Amino acid sequence: MKIRVHVSLKNGVLDPQGRAIHHALEGLGFEGVNDVRAGRLIEMDVADSTTDTALEDMCRKLLANQVIENFRIEKVA
């Protein structure tokens, strides 16, 4: 089973990478971009028998820092 884990910073957490991207877009002449938040995407191929609980445990224990990040698990068809 293909899994995508989307990890992003929580609201209120400073995002220097997003800020740098925003600044670069402005420098290239792109207008109308009000804010940029950067995150990461983790793709995994797991056994079909892997439970939702196990996937959430993976995220909580390793893939996301829950103090400053949120995560969303997506099962890819």
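1. A residue is called buried here when its relative accessible area is under 20%, and exposed when that area is over 50%. The model under discussion is predicted. By this criterion, Leu 55, Cys 59 and Leu 63 of helix H2 (residues 52-63) are buried. These residues lie on the same side of H2, because they cover an arc of only 45 degrees around the axis. An α-helix has 3.6 residues a turn, so residues three or four places apart point the same way.

2. The other side of H2 carries Thr 53 and Lys 61, which are exposed.

3. Six salt bridges are present in the structure. One of them pairs Glu 43 with Arg 4, with 3.2 Å between the closest N and O atoms. This pair links distant parts of the chain, since Glu 43 belongs to strand E2 and Arg 4 to strand E1, 39 residues apart. Glu 43 counts as exposed, at 55% relative accessibility, whereas Arg 4 counts as partly exposed, at 28%.

4. Arg 4 also forms a salt bridge with Glu 74 (3.7 Å, N to O). Here strand E1 holds Arg 4 and strand E3 holds Glu 74, 70 residues apart. Glu 74 counts as partly exposed, at 26% relative accessibility.

5. A further salt bridge joins Glu 69 and Arg 40 (2.7 Å, N to O). Glu 69 is in strand E3 and Arg 40 in strand E2, so the pair ties together parts 29 residues apart in sequence.

Terms used: Residues numbered from 1 in each chain as written. Predicted model: local features only at pLDDT ≥ 70, side-chain atom pairs only at ≥ 80, totals over all residues. Heavy atoms only, no water. Buried < 20%, exposed > 50% of the residue type's maximum accessible area, 1.4 Å probe, protein only. Helix = DSSP H or I, 4+ residues; strand = E, 2+ residues; numbered from the N terminus. Arc of directions from axis to C-beta. Salt bridge = Lys/Arg side-chain N within 4 Å of Asp/Glu carboxyl O.
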